[in-house]
Amino acid sequence: MEKKRNILMFVLDQLAWRALDIHGGFAHAPNIGRLASEGIDIDECYCPYPLCQPSRASFWTGRYSHRNRVWSNGRKWKITEIGEDFPTIGSVFSENGYNAVHFGKKHDGGALRGFWCDEEKEKKIPDEDPAFPFNMDTYADAYTVDRSVDFLSSYRFDKPLLMVVDLINPHNICGWIGKNRGVHEDVPFDGELPELPPNYRFDDICNRPVPVQYLCCSHVRQSQTVGWTDDNFRHYLAAYSYYLKVADSHIGRVLDALERSGAKDDTLIVLFSDHGDNITSRQSVTKQVTLYEEVVRVPLIFSGCGVGRKGVRLSGPTSLLDLFPTLCSYASIPMPDGLDGMDISRVLAGGDLPEREYVESEWFTEWGYTISPGRMIRSGRWKYMRYLEGDGEELYDLAEDPYEMRNLAGLDGYSAELEKMRALLAKHLETTGDPFLSLQWKASPKWRSHKIGYQCHCGISAPEDPEEQ
């Protein structure tokens with residue numbers, strides 16, 4: 001019998017594909033770059049839902065959020081944990097002879113069933129730079145990496161290993177916003193400020209769907225940026241880069257431990273993020289409501305055992321839903337019926353990405369205080385989004401407008417492309433049983449009352465409002 005090969009998965013939280021220096025971005029991450037140089041970098045991978053818990057529930061089960069019904073991060077919109085009727089990566093691999101272990105962030109809606117999960121704890125460490133203070137996110141990662149290194153140092157590899165190192169950074173950027181909310185002077189640091197992206201100015205905001213226009217009313221972190229200057233947003237990018245550097249150093253420690261274990265040559269390494277970050281595009285921060293490239297497009301890297309090419313970047317729409325069938329194929333494990341992703345394992349041995357008609361991502365709510373059902377379809381060079389509130393639509397030609405600066409929906413000359421993408425969304429809704437068109441949006445009129453523009457926001461946002469609790 002062929003020896004089963006190990007799999008080591010790095011999951012990061014809120015890492016935008018576009019931020020990485022290997023993709024022309026502002027953030028240097030040498031260990032992530034090393035994995036890409038030693039393997040395959042998939043550069044058009046999309047998350048199924050740009051929010052922590054729904055995205056994680058989706059890629060661990062291989063099912064769209066509208067199928068597993070994990071549609072929020074909790075609070076006012078409670079979720080029911082995924083039941084036994086949904087196979088998970090952990091359950092399938094553990095049933096087929098793997099020791100499936102998980103260290104770090106869960107926030108999975110029950111989708112980590114089948115993994116032995118270490119405790120989520122923190123190791124408080126001192127700040128290294130007063131401009132970039134640490135919070136519970138970084139403390140949790142410090143604990144996670146220590147536990148991961150200890151595990152690899154003592155594991156005997158008497159059973160094939162499926163190991164997940166689930167880091168939270170660069171998510172510490174959310175707490176950084178809270179400490180720098182509103183009008184403020186940034187703490188200086190020893191470094192240069194990154195440049196703002198080409199789509200920093202939101203010149204087309206009046207031509208976007210209502211939930212996008214009023215993102216500041218539904219999103220705490222966006223409302224906290226009211227009063228920020230251009231340099232404040234540049235400091236945001238510097239902080240984001242810093243917290244990514246911390247996560248990247250943790251990846252390096254785990255890779256070194258894997259090498260010391262003697263199992264590196266028998267281990268496939270997979271790195272990806274649950275979703276992205278707006279990284280100041282359209283003067284936006286973190287993620288919520290929108291389905292733009294910055295938040296739905298994520299890194300996906302394969303390196304190590306079974307990867308026959310080095311330093312290769314492959315283009316073609318891909319989904320994190322592809323992880324489940326791809327890992328099953330790689331490990332010669334029968335894959336469950338009903339998975340929504342595609343097996344792309346042939347790329348590891350030198351093949352091309354399989355052709356697909358489209359990839360999809362969706363939105364419902366973050367916490368349930370406002371509800372803004374939306375869908376995104378990417379097909380070839382075209383990308384289409386639709387929101388139920390106001391029946392808002394967006395259409396972009398990513399070949400001509402990769403930063404999504406001009407919404408083509410409703411403009412003369414694009415009716416054929418718009419109809420094609422509408423039909424593709426309708427097909428997706430029917431074939432996957434997506435109840436999108438029957439969902440209800442929710443937003444109090446007071447969250448749609450100020451002049452359009454994020455810097456026009458006044459006061460708190462819906463999740464902070466006592467009347468919404």
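Author: Two strands pair if DSSP finds at least two bridges between them. Strands (E, at least two residues) and helices (H or I, at least four) are DSSP runs, numbered from the N terminus. This is a predicted model, in which local features need pLDDT of at least 70, side-chain atom pairs count only at pLDDT 80 or more, and totals for chains, interfaces and linings use all residues. Residues are numbered from 1 along each chain as its sequence is written, and side-chain values use heavy atoms, with hydrogens and water left out.

Strand β12 (residues 382-387) pairs with β13 over six bridges, in the antiparallel sense. Within this pairing, tyrosine 387 has glycine 392 of β13 as its bridge partner.

Both strands belong to an open sheet of four strands, whose order is β10-β11-β12-β13 and whose pairing is antiparallel. The edges are taken by β10 (359-363) and β13 (392-397); each has a single partner strand, so one side of each is left without a neighbour in the sheet. On average, neighbouring strands of the sheet are turned by 10 degrees against each other, direction ignored. Angles are taken between axes, which are lines fitted to C-alpha atoms, for helices over the stretch in contact; the angles run from 0 to 180 degrees between N-to-C directions.

A helix also belongs in this picture. Helix α13 (residues 415-432) lies across β10, β11 (374-379), β12 and β13. Contact here means heavy atoms within 4.5 Å. The helix α13 runs at about 65 degrees to β12.
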